[in-house]
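Student: Hi! I have a model open and would like to talk it through with you. Could we go over the fold and some of its details?

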Amino acid sequence: MNEQPEGLWDEHDQGILRLPSGRLVRGRGLRRPLGPGAPVPSYGVYLLGKQPPAVPWESRWLRWPDFRLPADREAARSVLAQAWERAATVRVEIACGGGRGRTGTALACLAVLDGVPAGEAIAYVREHYHRHAVETPWQKRYVRNFAPPPRSTHSLEGPPPGR
């Protein structure tokens with residue numbers, strides 16, 4: 001049996017997505033409350049049209065109406081990148097009302113950040129998280145167009161080639 005470092009998810013728990021790097025993230029629908037004794041996240045990202053109730057762990061709210069896209073796409077990119085980074089060391093949860101469309105879209109974006117090609121990220125999340133993840137044509141397009149942040153091409157040893 002795989003032992004997980006303390007403070008990370010058990011990959012066999014419901015809603016856990018293992019990214020290719022080994023990072024574990026929980027996707028969840030907020031309309032289904034956590035069961036008694038269920039582990040709680042260290043950091044949560046909540047994708048809702050209105051501000052969610054307060055939770056006892058650190059969290060971020062992205063204004064993201066049901067069946068739509070994030071209201072502020074740059075903020076979404078930043079929050080998702082932070083969630084991906086944190087998932088290496090703490091329990092990260094991504095959640096919306098039902099846990100499929102917005103959550104699946106965000107998880108597919110995390111997969112892109114983790115190195116899955118954008119054109120394959122939806123299939124990856126559907127195979128490893130939920131078969132109906134990413135529900136609308138515009139959510140699919142959002143994932144296909146989601147690219148990891150550009151990497152610097154500058155060398156520490158001098159200017160870029162051609163200068």
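This is a predicted model: local features need pLDDT of at least 70, side-chain atom pairs count only at pLDDT 80 or more; totals for chains, interfaces and linings use all residues.

Student: Great. What is the strand order in the sheet?

Tutor: The order is S1-S2-S5-S3-S4, an open sheet of five strands with mixed pairing. Strands here are DSSP runs of E with at least two residues, helices are runs of H or I with at least four, and both are numbered from the N terminus. Two strands pair if DSSP finds at least two bridges between them.

Student: And which strands stand at the edges?

Tutor: Strand S1 (16-18) and strand S4 (58-63); each has a single partner strand, so one side of each is left without a neighbour in the sheet. From one strand to the next, the twist averages 25 degrees. Such angles run from 0 to 180 degrees between N-to-C directions, with axes as lines fitted to C-alpha atoms, for helices over the stretch in contact.

Student: How many bridges join S2 to S5?

Tutor: Five, and S2 (residues 24-29) runs parallel to S5. Val25 has Val92 in S5 as its bridge partner. Helix H2 packs on the sheet, touching S1, S2, S3 and S5, and its direction makes about 145 degrees with that of S5. Contact means heavy atoms within 4.5 Å.

Student: New topic: how many residues are in the largest nonpolar core?

Tutor: It has 38 residues, and those with the most contacts inside it include Val25, Ile94, Leu107 and Leu110. A nonpolar core is a set of buried Ala, Val, Leu, Ile, Met, Phe, Trp, Tyr and Cys residues joined through side-chain atoms within 4.5 Å. Buried is under 20% relative accessible area, exposed is over 50%, and partly exposed is in between (1.4 Å probe, protein chains only).

Student: Which element gives the most to this core?

Tutor: H2 does, with eight residues.

Student: Is Arg102 buried or exposed?

Tutor: Arg102 is buried, with a relative accessible area of 5%. Arg102 is found in helix H2, and its side chain makes a polar contact with that of Asp66 at 3.4 Å. A polar contact is a pair of N or O atoms within 3.5 Å; within protein, one must be able to donate a hydrogen and the other to accept it, and residues adjacent in sequence count only if both atoms are side-chain atoms. Not counting residues up to four places away in sequence, Arg102 also touches others, including Trp64 and Gln139.

Student: What about the phi of Val134?

Tutor: Near 65 degrees, a positive value in a residue other than glycine. Val134 lies in the loop between H3 and H4 and is buried, with a relative accessible area of 1%.

Student: Last one: why is the pair of Trp64 and Tyr142 edge-to-face?

Tutor: Their ring planes are at 70 degrees, with centres 6.0 Å apart, so the pair is edge-to-face. Rings of Phe, Tyr and Trp (its six-membered ring) pair if their centres lie within 6.5 Å; planes under 30 degrees apart count as stacked, over 60 as edge-to-face and the rest as tilted. Tyr142 and Phe146 form a tilted pair, 6.1 Å centre to centre with 50 degrees between the planes. Trp64, Tyr142 and Phe146 form one aromatic cluster.

Terms used:
Residues are numbered from 1 along each chain as its sequence is written. Side-chain values use heavy atoms; hydrogens and water are left out.
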